[in-house]
Amino acid sequence: MTEPILELHGLNKSFGPVHVLHDVDFAVRAGEVTALVGDNGAGKSTLVKCIAGIYTSDSGDVRFQGEEVHIRGPKDAAALGIEVVYQDLALADNLDIVQNMFLGRERGSGWLLDEASMERAARETLASLSVRTVKSVRTPVASLSGGQRQTVAIAKSVLWDSKVVLLDEPTAALGVAQTRQVLDLVRRLAEQGLGVVLISHNMADVFEVSDRISVLYLGRVAAEVQTKEVTHGQVVELITAGRSGELGLARPDSAVL
Amino acid sequence: MTQTPTASSDRAITDFGIDTTTLSTAEAVRDYLARVRAGQLGSLPALLGLIALVIMFSALSDVFLSLNNVANLLAQGAGQTMIAMGIVFVLLVGEIDLSAGTASGAAGAVLAMHFVHDGNLLGGMGSTVFIVFNLVLALAVVLALLLRIWPGAALAGVAIVISVSGMTANPWLEMLLALCVGAAMGCITGFLVARIGMPSFVVTLALFLTWQGVILQFIGEGGTLGISSSPVLNKVANGNLSTLGSWALFAVGAGGFGALMLGQHFSRLRRGLVTQPTPLVLFKVGGVAALGAVATMLLTINRSPNPSIVISGVPYVVPIVLALLTLGTYVLNRTSYGRHIYAVGGNREAARRAGINVTKIRASVFIVSSSVAALGAIVYSSKVGSVDAQAGGLNTLLFAVGAAVIGGTSLFGGRGRVFDAVIGGTVLAVVANGLGLLRQPAAVVAIVTGLVLLLAAMVDALSRRRAATAGR
Ligand SMILES: Nc1ncnc2c1ncn2[C@@H]1O[C@H](COP(=O)(O)OP(=O)(O)O)[C@@H](O)[C@H]1O
Ligand SMILES: [Mg+2]
């Protein structure tokens, strides 16, 4: 059992009166795929955005490689090597693939961008992911299909020397073949030593690629288990009821209150 | 042209099967047509419209294509076209600047007052107004500092220095003052929109009225401040380059454009990057050079209607507009600032997540817009030789916004170029000039200009709808 590369303790997040995350503990280990599952509205995307610095959490601490860190914005997360592939993709339609992949971190000086270097790096990254469907890296993102956009978003996250990659439902909008590619890619990232977090509703996918599963139930962590030690049925029960036999929240009914 | 093999050392790249770097000319043309069908029209409608208008007016009026009229048309449209070039920056982030016209007028009024009162703004304004004027400039400095936009703060600060020091009239100093006052006004707009979070429509509508009041205060109802007695200020829009200077401009302009385009093209080709087909690039460079040569040749012929004097040479406004066009295009295409402007206009949330300081970008475009508008004011004030209380009024603004939109800049943000403003500005200048030659009353000119703008906005909306449904 390796030490977690990223570790959250007692994280709370409210949007006004809505308390979305309750004392969440969550860990990501290098070289492993941690699946984050939960029903719609359980708070998975919110948790990811807190880690990425999009939202600031109300309380709780974050440790990265054993050190306490404060992530105050997207730049802080990126500087640590935390990359996120958002559910709502976050690509600028009017920019091309290269421009999107380097957005906010352009190469060259501010007064003269190094387009050549960016274009070459973007192409190499796409090639390393065996992307063969994009006609040109200078294609505007507006004219790409959903799967192609997803690939660009993932390629963007691995372009950087990242240590933790969080993928929020990366396969939700994809066809069979493209889902296959993305799952292979997820596994490959973990094999390269990255800490990977995969959010997915598809149990088959989760059981195929993950080493560990964290279940969120109404904003609380219902269970953190080794994938090998649980069954589909147990995980589904944890997602829908917050407990399953010995696993899960002690008294799920009172937890709701 | 065939496909260029990419860097042979890198196996990964050769694996990247479908990715093409160089298209044949036929493929490029097909791609372009596909883009047009998908609704990405750019400035194509404006260019076609411009050609149609030129043909129509030259058929209806013998004077329209005369050299004198063409040179006159360029000078007439230049000021407002420049304002439009600044507004493109605001439109790109999906905002609007309705105050650009009167902001330019106010900057022009300060310029004229400094000139007329030989640098004594205190005497020109009266002590109360002078103090308020400098306090507002100081406020602009503070707001720019809060936004951490240092150039804005510096320019507004320079305006205070010039105003308080009372240096005697000097045309170059006055132009600098106008630019700095413009920047200061933009700092205020930018802060209200980006930091306070007020809709740009409301902020700039309010400031439109405010600056109009400021112009009235500075100039007085029915008053004018003449600036034509300054040779430099007069020549900005009324002077011409010498024949030698005209050809030097052609050499620098066409040569620079060609060197830049070809240098970049072959360097990208050599490194295996995405390029346009070589024949297309050569055609573009050749076309610009040929057009430039013909225009320079015609404009260096004597075009004076009066046989006793000689008027020839390329008007100064041409290099002025070209310089601004080059600068604006460079900033938008080659700097990270420009890239971030497009990103904020395309997807503000994505820009924020990419760590871009969206507030700063949104504020800064208003500073660009007002500063460039002030430069426009220098040109249009020079053209008429004075600044009056109507300077930069409603028509100036509508013309400028219209020029940007007609040229193909989207009102929805994220799409547009500085070049669009030049094309759109030329279209509107041709309409105004042509209808004037045909002795059409102001009513017809206004109606036609309005309809042209409506048409352009419709093309924008329709092409956006096409783009939204195509491709996905
Ligand atoms: N920006 C926000 N403002 C207010 N409530 C929000 C916001 N974002 C998410 N929520 C609420 O937080 C809860 C969790 O949302 P989310 O994290 O998107 O869930 P999941 O990704 O697990 O489906 C939902 O009830 C949602 O309505
Ligand atoms: Mg979600």
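A pocket, on a 1 Å grid over the protein atoms alone, is an open set of points where a 1.4 Å probe fits, with protein on both sides within 12 Å along at least five of seven lines; its lining residues have an atom within 4 Å of a point. The model shown is predicted, so local features need pLDDT of at least 70 and side-chain atom pairs count only at pLDDT 80 or more, while totals for chains, interfaces and linings use all residues. Residues are numbered from 1 along each chain as its sequence is written, chains are lettered from A and ligands numbered from 1 in the order in which they are written, and side-chain values use heavy atoms, with hydrogens and water left out.

**View 1. The second largest pocket and its lining.** The lining has 35 residues, and those nearest the pocket centre are Trp111(A), Pro151(B), Val331(B), Tyr337(B) and Val368(B). Among the elements of chain B that give two or more residues to this lining are helix H8 (150–165) and helix H14 (317–334); helices are DSSP runs of H or I with at least four residues, strands are runs of E with at least two, and both are numbered from the N terminus. H17(B) supplies the largest share, eight residues. The volume of the pocket is about 1100 Å³, that is, the space filled by probe spheres set on grid points joined across faces, edges and corners.

View 2. Polar contacts are pairs of N or O atoms within 3.5 Å. A polar backbone atom of Gly41(A) is 2.8 Å from an oxygen atom of ligand 1, and a backbone N or O atom of Ala42(A) is 3.3 Å from an oxygen atom of the ligand. In the side chain of Tyr55(A), an N or O atom lies 3.5 Å from a nitrogen atom of ligand 1.

**View 3. Asp23(A) and Gln65(A), each with a positive phi.** Most residues other than glycine have a negative phi. Phi of Asp23(A), in strand S2 (residues 18–29) of chain A, is near 40°. Asp23(A) has 52% relative accessibility and therefore counts as exposed (buried is under 20%, exposed over 50%, partly exposed in between, with a 1.4 Å probe and protein chains only). Gln65(A) has a phi near 50° and sits in the loop between strand S4 (59–64) and strand S5 (67–69) of chain A. Its relative accessible area is 48%, so Gln65(A) is partly exposed.

Key. Polar contact = N/O pair within 3.5 Å; in protein donor to acceptor, adjacent residues only side chain to side chain.
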